[in-house]
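Here's a quick briefing to read alongside the model. Have the viewer open and follow along.

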Amino acid sequence: MDRPLLTAAAPHVAPDRIPGLVALIARGDDVQVETLGTLDAEPGRPVRRDSLFRIASTSKPITAVATLILVEEGLLGLDDPVDELLPELADRRVLRAPDAPLADTVAAHRPITVRDLLTFTFGFGLMLEMFTSPTRWPIVAAAEDELHLSTLDPPDPSVMPPPDAWIAGLGSLPLMAQPGERWLYNTGTGVLGVLLARAAGRPFADVLRARIFEPLGMHDTGFFTTETDRLATAYRPTPNGLVAWDRPDGTWSRPPAFCDGGAGLLSTADDLLAFARILLRGGAPILPSHAVAEMTRDQLTPEQKARGGLGPGFFETKSWGYGLAVYDGGAYGWDGGFGCSFRVDPARELTTIVLTQKMFEDPSGDQVHRDIQAAAMAES
């Protein structure tokens, strides 16, 4: 029996490479799943279809959907300033240059809007220049070393303060660019988590559970788990091999102080498939079709793209919608730097999900994801 997923995935799975993975492709009701390897580099727990993985930035599309639901409920407006609900972000100052001293600022030209947060153009976040700079910028040192916002360094819920303290910390810093000026990665969805909680009058985790997870049957998705026997160990690649970064009884085994809408969720392949299917069918039953159409189209101007991106040519074959990439050809989705990828191709009615426990070495991700996506395309 032909098993293209197995053929694509198997060469990558080994204790010193990718200890284990779940690969899923779905076309309509036809779902193929392969589970390979173990949840740890050491021999032991086998990967199962319902194994839990840290999905990191694949949390972002889920937060975007929650935002659009609250827009449809009338609790938010896409082009409304966030000042009323997030007074910490009112009357912004902006650095004259991203690497400038924190006091070297000018006034923001306009307020931050909900749309700015969804499109990552509100003026704060990761940019390519951070990675190429020989020194740690003042804004990075303040955000990460002093305030522990965990938004310009790799995500770490164990150090992040509670939501009110987190947003106060962010509000104490200047922006890195004028609102609407350029695409800056990541921080917008962290801010959205605080905004949605205040708009709905309940914790962000409850907003996601009531609006998305319960209606879609995503019962295994959340910001922590007590079922740690199902959770993979997270590994960081080093020149000397894989090093355990977070174990099952570590950070994600207890409720975090800050539920990070940008990178904090755990999930399974089938839960992410349930989420993909609501996008493929136009949002039903949780969103109207026009909202999904807006979320999954190019929302950036050429100027915003020209000054944004996470590497050379980042926007050559894709753009950004609300909380996800929009690829040339009409597919959309986003990857998680802890080792997962999520891709939806509406023209083919195709969903491709790959979950591993090995952190990416660079923003392009690991080859196994590209090989499995290619195998899925070849089958469609």
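Predicted model: local features only at pLDDT ≥ 70, side-chain atom pairs only at ≥ 80, totals over all residues.

Numbering runs from 1 along each chain as its sequence is written, and side-chain values use heavy atoms, with hydrogens and water left out.

**Helix 7**

- Helices here are DSSP runs of H or I with at least four residues, strands are E runs of at least two, and both are numbered from the N terminus.
- Helix 7 is mostly covered, with 12 of its 14 residues buried; buried means under 20% relative accessible area, exposed over 50%, and partly exposed in between (1.4 Å probe, protein chains only).
- Among the buried ones are Thr187, Val191, Leu195 and Ala199.
- Those buried residues pack against helix 2 (59-72), helix 3 (114-119), helix 6 and helix 8.

**Nonpolar cores**

- A nonpolar core is a set of buried Ala, Val, Leu, Ile, Met, Phe, Trp, Tyr and Cys residues joined through side-chain atoms within 4.5 Å.
- The largest one has 100 residues, and Ile62, Phe124 and Ile212 have the most contacts inside it.
- Contact means heavy atoms within 4.5 Å; leaving aside neighbours within four places in sequence, the partners of Ile62 include Leu208, Ile212, Met218 and Phe275.
- There's also a second, separate core of 14 residues, which includes Leu21, Ile25, Leu36 and Ala376.

**Salt bridges**

- The structure holds 24 salt bridges, each a side-chain nitrogen of Lys or Arg within 4 Å of a carboxyl oxygen of Asp or Glu.
- Arg198 pairs with Asp164, with the closest N and O atoms 3.0 Å apart.
- That pair ties together distant parts of the chain, since Arg198 sits in helix 7 (residues 187-200) and Asp164 in helix 6 (residues 163-171), 34 residues apart.
- Arg198 is partly exposed at 26% relative accessible area, while Asp164 is exposed at 52%.
- Arg209 bridges to Asp206, at 2.3 Å between the closest N and O atoms; both lie in helix 8 (residues 204-216), 3 residues apart, or about one turn of the helix.
- Lys358 and Asp366 also meet in a salt bridge, 3.5 Å from N to O, and both are buried.
- For a network of salt bridges, look at Arg48, Asp50, Asp220, Glu227 and Arg230.

**Two loop residues**

- Ser57 lies in the loop between strand 3 (53-54) and helix 2, and at 8% relative accessibility Ser57 counts as buried.
- The Ser57 side chain makes a polar contact with the side chain of Tyr185 at 2.8 Å; a polar contact is a pair of N or O atoms within 3.5 Å, where within protein one must be able to donate a hydrogen and the other to accept it, and residues adjacent in sequence count only if both atoms are side-chain atoms.
- Leu287 sits in the loop between helix 9 (269-280) and helix 10 (289-295), and is buried with a relative accessible area of 6%.
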